[in-house]
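I opened a new notebook page for this protein. Below are my entries, in the order in which I looked things up.

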Amino acid sequence: MTRRTFAIQSDVSEKIDALVDGHTLEANLLVDKALRRYLEWGRFVENFKLVTSDPRLMKLFWSHLTVEEAREMGLQNGNSAVVEFILYYFRKFDLESVLKTFRVIGAEYSNSFVYSESGEDRNRTIVLSHNMGQSASAYYGASLKALSARLGMEMELEESDDQLVCKIRLVDKEQTVAPKTLKA
């Protein structure tokens, strides 16, 4: 842990004190969490026009798309916007950056689904639990499939109304995609 001293606006300080009831350690944890959230998520929201939505609204959205429409959207997104985001965010495009995007951005910050993972490097099982319908599973599955294809990896998907199960099997050698300069 590194110690730093920051000056903050008095109204922000008052809000922090109100949240933590004056406990210094809790204030440090709160500020650390807020900074981490901004560094890992908030600063990218504006560049990529990302939004966090109410899960009930997303469930309604997915219910108005056919499975094929959702799959097509996922394929397009996985072939373009997600790759650009990963390259911008991580400065590299590999399996670890893909999975971290789903784990951190999709699950932790967007609350789009609950992410779980098991297995080891060559064989992994990823589960995205979402309870938003078959179209949501088709979208996430198509996105992951497009991303894995760019990495030269095989993937088996099991889609249902409430989750996507993705079994990743590494083939000969994983490919990487070099970063490119993106317009901010």
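**Entry 1: Ser110.** I began with the term polar contact, which is a pair of N or O atoms within 3.5 Å; within protein, one must be able to donate a hydrogen and the other to accept it, and residues adjacent in sequence count only if both atoms are side-chain atoms. By that rule I found the side chain of Ser110 reaching the backbone oxygen of Ile105, at 2.9 Å. I noted that this is a predicted model, in which local features need pLDDT of at least 70 and side-chain atom pairs count only at pLDDT 80 or more, while totals for chains, interfaces and linings use all residues. I also noted that residues are numbered from 1 along each chain as its sequence is written, and that side-chain values use heavy atoms, with hydrogens and water left out.

Where does Ser110 lie? I placed Ser110 in the loop between H6 and S1. Helices (H or I, at least four residues) and strands (E, at least two) are DSSP runs, numbered from the N terminus. I then checked cover: buried means under 20% relative accessible area, exposed over 50%, and partly exposed in between (1.4 Å probe, protein chains only). Ser110 has 10% relative accessibility and therefore counts as buried. Contact means heavy atoms within 4.5 Å. Leaving aside neighbours within four places in sequence, Ser110 is in contact with Trp41, Thr52 and Ile105.

I looked at Asn111 too, which lies in the loop between H6 and S1. Asn111 is not a glycine, yet its phi is positive, about 55 degrees.

**Entry 2: the whole protein.** I listed seven helices and four strands. From the N terminus on, I read the order of elements as α-α-α-α-α-α-β-β-α-β-β. The C-alpha trace spans about 50 × 35 × 35 Å along its principal axes. Of the 184 residues, 34% count as buried. I also looked up the contacts between residues at least 6 apart in sequence, and 59% of them join residues at least 24 apart.

**Entry 3: aromatic rings.** Rings of Phe, Tyr and Trp (its six-membered ring) pair if their centres lie within 6.5 Å; planes under 30 degrees apart count as stacked, over 60 as edge-to-face and the rest as tilted. How many aromatic pairs does this rule give? I counted eight aromatic pairs by it. One of them is Tyr89 with Phe90, an edge-to-face pair at 4.6 Å centre to centre with 70 degrees between the planes. Tyr89 counts as buried, because its relative accessibility is 15%.

Another edge-to-face pair is Phe113 with Tyr140, at 5.0 Å centre to centre and 80 degrees between the planes. Phe113 lies in the loop between helix H6 (95–109) and strand S1 (114–119) and Tyr140 in helix H7 (residues 134–150), so this pair ties together parts that are 27 residues apart in sequence. I found both Phe113 and Tyr140 buried. Ring pairs link Phe113 and Tyr140 into a cluster with Phe61, Trp62, Phe102 and Tyr139.

**Entry 4: helix H7.** The 17 residues of H7 should span 24 Å, and its end C-alpha atoms are 24 Å apart, which agrees. Is H7 mostly covered or mostly open? I found H7 mostly covered, with 13 of its 17 residues buried. Gly152 follows H7 and has a positive phi, near 70 degrees.

In the loop between strand S2 (123–129) and H7 I looked up Asn131. Its phi is near 55 degrees, a positive value in a residue other than glycine. Asn131 counts as exposed, because its relative accessibility is 52%.

**Entry 5: Glu117.** I found Glu117 in strand S1. At 34% relative accessibility, Glu117 counts as partly exposed. Which side chains make polar contacts with the side chain of Glu117? One is that of Tyr115, at 2.5 Å, and another is that of Arg124, at 3.4 Å. Leaving aside neighbours within four places in sequence, I listed Leu99, Arg103, Arg124, Thr125 and Ile126 as contacts of Glu117. Last, I looked up Glu117 against Trp62: the two are 55 residues apart along the chain, and their C-alpha atoms are separated by 24 Å.

Notes: The expected span of a helix is 1.5 Å times one less than its number of residues.
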